[in-house]
Structure formats: C-alpha cells, structure tokens
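Trainee: I have just opened this entry and would like to know how its labels are decided. Please go through them with me.

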Amino acid sequence: MGRKAKKVISIFLTVVLLFITVPSIEQSNMKTVKAASYNTIAAVNYAMTWGGSKRNPAYKTYDSDCANFVSQCLKAGGLDIYTAWVPTLKDTLANMGFTIIQNPSADQVEPGDVMFYDTTYTGEANHTTIITSKVNGVPKITGHTTNVLDGNYTDKSGTCSWKYGNITWAAILHTSSVSYSNIPKNCTISVDKTSINVGDTVTFTYNIDDAAIRDVGIDRDGSRYASVEVNNSRGTVSYKFNEAGTYCCIIEGRNNVGFNCSTGVYVTVTDSYTPAKPSIKKINIEGKNGYVNFTWDNVKNATCYNLFLYATNNLSEPVQSHWAIRKNTLRIVIPNGTYVVKLCSENETSNGNYYTDGDLSTQFTVNNDPQKPSITSIKTNKSNGNTTFNWNSFRNCTCYNLFIYNINDLEKPVQSHWAIRKNEITIPLDNGTYVAKLCSENETSLGNYYTDGDISDRFVVSIEQHRHEYTKKIIKQPTCKETGIALYTCSCGDTYKEVISKVSHKFTEKSTQSEYLKQSATCTKPAVYYYKCETCSAKGTETYLNGTMLGHLWNTEYSIDKKATCTETGIKSIHCKRCGAKKNSEIVNKIGHMYKKTVSKATKEKNGKIVEECVYCGKNKIKSVIYHPEMITLSKETFTYNGSVQKPKVTIWGANGQIINKSNYIVKYSSGCKKVGTYKVTILFIGNYSGKMKTEFKILPPKTNIRKVSRTLNGIKLTWNKKPCSGYKIYRKTGNSSYKLVKIITRPSVCSYTDRSIKKDRTKYTYRIKTYKSVGKKVIESKTSESKGISWSK
C-alpha cells in the first residue's frame with residue numbers, strides 16, 4: 001500500500017473516531033481533519049500557560065527542554081506524542097502524515113504549527129518551538145531553551161524572530177484542527193445550591209455546544225476568581241468555596257470563530273468561621289519598668305487574638321507584633337513614644353485559620369522617664385564621718401544613684417553609689433566640704449531611663465580627734481585544728497578582729513581503733529599503732545607496740561616447694577598458714593616418664609602415625625606409621641546378568657604395598673546390584689583411618705551364542721539364541737582383518753540376520769555377536785559370543 005493510500009485511510013478513521021467521541025459537534029459544522037484530530041486552541045493555551053520560564057511540575061524537566069515542552073503542547077492539543085529529542089519529534093510528525101515545509105513563509109503557518117531550526121549549521125534540526133499567535137501577519141513563537149513567550153524573551157532582553165538559524169522547517173498542523181462555522185452555542189448552567197457556608201461544595205450542571213475548549217468561570221467583585229476546565233459538551237462538575245462572598249458562575253467556551261458564554265448564576269457563600277471584630281477596652285500605662293496593660297472583651301468565634309503596636313508616624317509597619325494571645329489582656333514593655341494599637345481576632349479551625357481586623361485604638365503616649373528626685377536630709381556622725389542621706393519615693397523609680405562631689409571639683413564625683421533600692425544610704429566620708437546629687441532610674445527590658453536631681457546644699461564632714469582604747473575578748477578559742485578569733489572593742493564603737501594561731505597537737509593518747517593501726521601483729525611481731533592527739537584525735541607519726549606476737553600456725557600436711565619432674569627431684573616442707581614460713585624440708589623423688597598414646601589417622605592422601613608422649617614433660621616417640629590407602633582392587637570388575645544379586649569382594653592396599661585390615665573400613669554398595677548396569681562401591685574408613693574412596697563394577701547383559709551360519713540366495717544368514725536385553729550388535733571380520741560392527745538389531749525378539757554386503761567368492765567371513773542393554777543414557781554390552789566363519793563359495 002502506498003503512502004497516499006495510507007494517508008487517506010488515516011484521515012477516514014480519524015473522522016469516524018471524531019464523530020463517535022465528540023457528539024456535540026454537528027457534521028454540518030465540520031470541514032476537514034487531516035492525519036489526526038488536533039485542537040490548536042488547546043495546544044496554544046497550554047503553550048501560553050507553561051511557556052517561557054515556567055515549567056509544568058507534572059512533567060520531567062531537561063536542561064535542553066525544547067522538544068519536551070512542544071510535545072506537552074501537542075499532547076494538550078490531542079496528539080499523543082511525547083519525546084524529548086528534536087529529530088525524533090520532527091520525524092514522528094512527518095510519519096503521521098503532517099506536511100513539513102522547509103524555510104516556510106509567514107502566510108503558510110498559523111498558531112498551533114510547530115517550528116524546527118538548524119542552529120548548528122549541520123543540516124539537521126536541533127531546536128523547536130510552537131507558533132502561539134500572528135500579529136499583523138507575523139508569527140509569534142513560544143518555547144523553552146531559550147525561554148520565549150509569544151515572541152518575547154522572558155528575561156526581558158527583547159523580541160525573538162520566528163525564523164532563525166541555517167534552515168527552518170514548519171510542521172503544518174493547523175489544517176488538521178476541527179473548524180466551526182459559528183461561535184459556541186446553547187450555553188446554559190445551573191447549580192444545586194445557591195446559598196452555602198464556607199468550605200461547602202457546589203455542583204454545576206452545564207451545556208455548551210461547538211466549543212473547542214470550555215470551562216466554568218467563577219467571578220467575584222467583577223473579576224475572575226477561579227476557572228474549572230471541563231472536557232465534555234455537557235455534564236456536571238463540582239467546586240469547593242473557601243471564602244465568603246457572592247459569586248457569579250458561567251459556562252464559557254471558545255473555537256476558531258470566537259467566544260460565547262451563558263448567563264451567570266449566583267452563589268452566596270456565608271462565613272460562620274470568621275470571628276467578630278474586636279476592640280481595645282482599656283490602655284493602662286504603668287510607667288514603672290516600662291509596662292503598659294491592654295484589656296479587651298472576648299468576641300464571638302475567636303480562639304485567640306493578635307495585637308500590633310504602631311508608632312503614630314509610621315502606620316505601615318508595626319514596631320511590635322504579639323501573636324496567638326489566648327486571654328483578654330496583655331502586659332508588654334513599650335519605649336517612650338506616641339502609639340496606636342490594632343487588635344485582631346483569630347479563629348483556628350480544621351479548615352484553616354480565619355482573621356478579623358479591629359480598628360486602630362485611640363492615640364496614647366508612653367513616658368518611662370522617672371520623676372525628678374531630691375534629698376530630704378543629710379546627717380553626719382562626727383566621731384567617724386559616716387554620713388546618712390534620706391529621700392522620699394518618686395514616680396516611675398525602680399532604684400536610685402547617689403553621687404558625692406567635693407565642693408572644689410563638681411565634675412568628678414569622689415564617690416558613686418548605683419542601684420540603691422531603698423530611700424536611705426549611710427556612707428563613710430573624710431573631712432571636707434561636699435555636695436550630693438541624687439538621680440532616679442527606671443529599669444525596663446528595653447533599656448533604662450534616668451532623671452537627674454538637683455545638687456544638694458553644702459554639708460561639712462568634720463571628724464573629732466579620738467584615741468582608741470580597745471579591750472580584748474576571745475570569741476573563739478584556738479585548737480590544734482582551727483585558729484581562734486579575738487575581738488577588740490573601743491568605747492567609741494570601733495572594733496577589729498585578730499586571728500589567734502592554732503595550738504600544737506598533744507600526741508600522748510593510745511588507741512587500738514583501726515584508723516590508728518600501722519601494722520597488724522604477725523607470727524614474730526606484735527601490732528604497731530600511731531599515737532592519738534588527746535585534743536582533736538589526729539593521728540601522729542610516732543608509734544608504739546601493743547599486744548603479743550601471734551606465733552606460727554603450721555600446716556599438718558607437706559606443701560610442694562618444687563615439683564619433681566621426670567628427670568629432676570623436687571622439694572617439700574611444712575608451711576605456716578599465716579606468714580608462709582617453712583620447716584622440715586624433704587627431697588621428693590623423680591616421677592619418671594608416663595606415656596600416653598595418640599593416634600593421627602591416615603587419610604586418602606597422607607600417612608598417619610601412632611605417637612607415645614609423656615604427660616609430664618612432653619617427650620614423645622613414634623611407635624608406628626599408618627600407611628595411607630593407595631588402591632582398591634575388586635575380586636571381579638564385571639559380572640554377567642543371572643537374575644541374582646552379584647557383588648565383588650574388596651581389597652584395600654596401603655602405600656607400603658600391604659593389605660589394610662578389613663576392621664579399618666566399611667564397604668557400601670549401590671542399591672540393587674542385580675540388574676544390568678554400573679554400580680558404585682564406597683569405602684568408608686574407620687579406626688586408624690579417615691575419609692572414603694570409591695570405585696565401580698558392572699553387571700553385563702548375558703552373552704548369546706551363534707546357533708548357525710549358512711548361505712542363502714541373498715547372502716550369509718546368522719541365527720542366535722534369544723537373550724533378555726535391548727538388542728544385538730553383529731561384528732564381522734573379512735579374511736584376516738579386524739572385526740567391524742555391521743549391524744545393530746534394536747528388537748530383542750529378532751534372532752536372525754542376513755548379511756547382504758558380502759562378496760560372493762571364496763572370501764571367508766567370521767562373525768561375533770554381543771547383546772546390549774540400554775540403562776538410562778548409557779549402553780552396556782555383553783561379552784562377545786564365540787566366533788563362527790563361512791565362505792560364499794566352497
């Protein structure tokens with residue numbers, strides 16, 4: 001069949017398939033379908049959606065993605081083509097019957113057609129795009145690698161020509177699309193529910209004829225909110241609404257003639273999840289530590305609240321954000337400034353979180369600066385110069401700082417006292433004229449705030465001369481373990497303490513407690529102890545003897561001091577159980593050798609031996625060699641079948657040429673040993689031998705006898721006795737030559753044979769016959785019959 005005939009049949013089948021699968025397209029509106037049904041509008045829409053720098057996550061992406069992308073567009077248009085290789089894509093379209101034009105003109109191509117390029121100047125296509133529009137007759141292309149969307153590079157580097165490179169080809173696909181004579185018609189849509197709650201689903205029932213592409217459009221507030229693509233001219237489709245509002249829903253479609261849509265149906269979506277609008281009820285500025293308290297009433301559907309703090313000079317970005325507040329109050333630290341807050345309610349549900357913004361609060365000002373302090377009184381003790389300062393409490397103060405200045409230098413304080421957390425302080429001062437400055441401080445987590453007070457009035461410190469007279473009192477007695485303390489007190493109240501050195505130990509006391517034991521009593525010496533301090537019980541370094549020596553505790557039995565060996569005498573004595581002292585030493589006689597026999601068994605390849613070794617000193621001597629088995633001989637290696645079990649006798653020969661005693665092995669035969677066949681003999685060695693050896697013997701089929709050799713008109717005829725076998729083999733010797741097989745008889749019941757291949761002269765022919773038996777895949781022959789000869793002519 002020629003290519004033209006194939007193309008006609010392909011067009012015919014495609015048209016028939018299109019009529020069957022698209023019942024909403026009337027025959028009167030259809031013009032032509034070539035090669036395959038291809039929806040150029042769907043292909044172009046896909047290209048505009050995923051062209052340029054965008055990638056569809058449903059497909060694999062390649063570094064060189066041009067053919068991969070164009071294949072996706074063709075698949076969206078109804079052509080089941082998918083390849084990532086440019087030459088394959090071009091050849092596939094050509095093989096499907098689409099026209100390929102080299103270096104096409106602009107009027108030969110339309111949107112939906114595929115372009116191929118030779119950018120490497122090799123004469124082969126290595127890049128591809130798809131035409132997505134024509135503007136003033138000029139085609140616009142879309143593709144990947146390089147990323148182009150409707151004629152423009154997506155990196156904003158300029159426009160891209162639809163033709164470039166060495167050679168350009170166009171695959172003409174637009175002529176295979178379904179064409180219509182009118183815009184889509186019979187557009188209707190209805191819904192199963194017009195009022196729903198957020199999260200509910202609405203089912204649309206729609207109808208639209210003569211549309212190449214179609215979808216359900218969902219609009220809110222005059223703009224497109226969502227689209228649901230539909231594949232059939234009529235049917236149902238569902239959509240879940242997740243936001244409150246009033247939606248206008250239509251069925252809309254497009255074809256090569258134009259666009260049409262239905263009248264809209266309205267769906268109202270209410271929200272039972274969104275929380276009520278909250279508002280700040282009270283703002284309490286504490287000031288101290290910078291705290292500000294916010295309170296509000298709980299509102300319906302709110303599971304938590306979010307509070308945002310804004311500076312009045314910047315309402316676009318909050319200075320503080322506090323999320324998921326699960327009570328109706330919040331206490332936070334705020335720096336100085338003028339602010340407003342916004343409280344938002346939140347409802348956390350399994351369908352998601354819902355939010356409602358409250359209004360901005362009234363403006364409020366935070367001033368964390370502490371109140372200016374002042375000193376109320378200054379009192380000086382003339383005997384020691386200790387000066388006490390007093391002051392009242394002040395607003396926003398968490399502590400105070402006091403600075404003392406000499407009247408001659410008001411720049412650098414002579415004393416600085418920080419973070420005073422009470423309303424008075426007493427400090428020692430030398431003689432002189434001073435002023436003081438008290439500062440208030442407010443400590444917050446965002447920083448500290450300070451306010452300086454005024455300089456106080458002058459005050460004079462004049463300490464009267466005084467001669468101390470101290471009395472001594474020991475308030476802690478010294479011991480040999482610790483120092484003591486003496487307190488000295490003057491009438492003016494001044495005191496000081498003095499350390500009294502430790503006294504010496506008195507190691508005079510004896511104690512037999514274990515902690516003072518230096519060495520226990522032995523067989524020859526009494527116990528030795530350290531002296532104990534009579535005051536603190538410390539252990540001294542001097543020792544004394546206590547008690548009596550223990551004396552030896554002798555064993556009643558002798559102990560071996562040196563073991564006797566096979567060649568040397570030993571020594572024994574009586575030992576003390578406590579100290580190991582010895583007495584009554586005696587000589588122990590030599591014990592002599594005591595041999596133990598060890599057998600190393602002979603294996604199939606290696607001799608064994610019998611060794612006698614002394615158990616005491618290890619001296620050994622070889623008593624005998626066990627020669628390894630070297631050969632098996634059988635009493636008979638072949639038997640002739642007689643209907644009875646037949647087994648040969650076994651003889652094992654050692655490497656020294658001697659027969660190995662039967663007590664050193666066990667003979668095992670294969671099962672049966674009765675029928676014609678080959679049988680194994682296994683020798684299992686025992687006693688002074690180990691391992692095994694194998695050999696085999698045969699039971700041959702019974703041999704036959706030639707009954708008669710005679711001349712016939714046709715040749716020499718042989719007859720023989722019938723035997724239980726699988727058949728017979730006939731051997732012939734001509735003259736003095738050797739025997740050769742001339743015939744195999746495969747039927748055991750046939751007991752005669754006529755040799756027709758002889759020469760009819762005086763040549764003598766001699767015959768022998770063997771029976772044979774087929775056992776598995778093996779053939780076992782009997783022994784040869786006696787030979788009989790004859791000549792053709794006498």
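**Labels and their cut-offs**

Mentor: Tyr529 counts as buried, with a relative accessibility of 10%. This is a predicted model, in which local features need pLDDT of at least 70 and side-chain atom pairs count only at pLDDT 80 or more, while totals for chains, interfaces and linings use all residues. Residues are numbered from 1 along each chain as its sequence is written, and side-chain values use heavy atoms, with hydrogens and water left out.

Trainee: Why does Tyr544 count as buried?

Mentor: Buried means under 20% relative accessible area, exposed over 50%, and partly exposed in between (1.4 Å probe, protein chains only). Tyr544 has 7% relative accessibility, so the residue counts as buried.

Trainee: What makes Tyr531 partly exposed?

Mentor: Its relative accessible area is 21%. That value falls between the 20% and 50% limits, so Tyr531 is called partly exposed.

Trainee: How many aromatic pairs does a search of the whole structure find?

Mentor: The search finds 25. One of them joins Tyr529 and Tyr544, with 6.0 Å centre to centre and 25° between the planes.

Trainee: Why is the pair of Tyr531 and Tyr544 tilted?

Mentor: The ring centres are 4.9 Å apart and the planes stand at 45°, so the pair is tilted. Tyr531 lies in β38 and Tyr544 in β39, so this pair ties together parts 13 residues apart in sequence.

Trainee: What makes Lys572 a charge over the ring of Tyr558?

Mentor: The rule asks for NZ of Lys or CZ of Arg within 6 Å of the ring centre and within 35 degrees of the ring normal. Lys572 lies over the face of Tyr558 at 4.9 Å from the ring centre.

Trainee: Which residue is the bridge partner of Lys572 in β42?

Mentor: The partner is Glu586. Five bridges join β41 (residues 570-576) to β42, and the two run antiparallel. Strands pair if DSSP finds at least two bridges between them, so β41 and β42 count as paired.

How values were computed. Helix = DSSP H or I, 4+ residues; strand = E, 2+ residues; numbered from the N terminus. Phe/Tyr/Trp six-rings, centres within 6.5 Å; stacked < 30°, edge-to-face > 60°.
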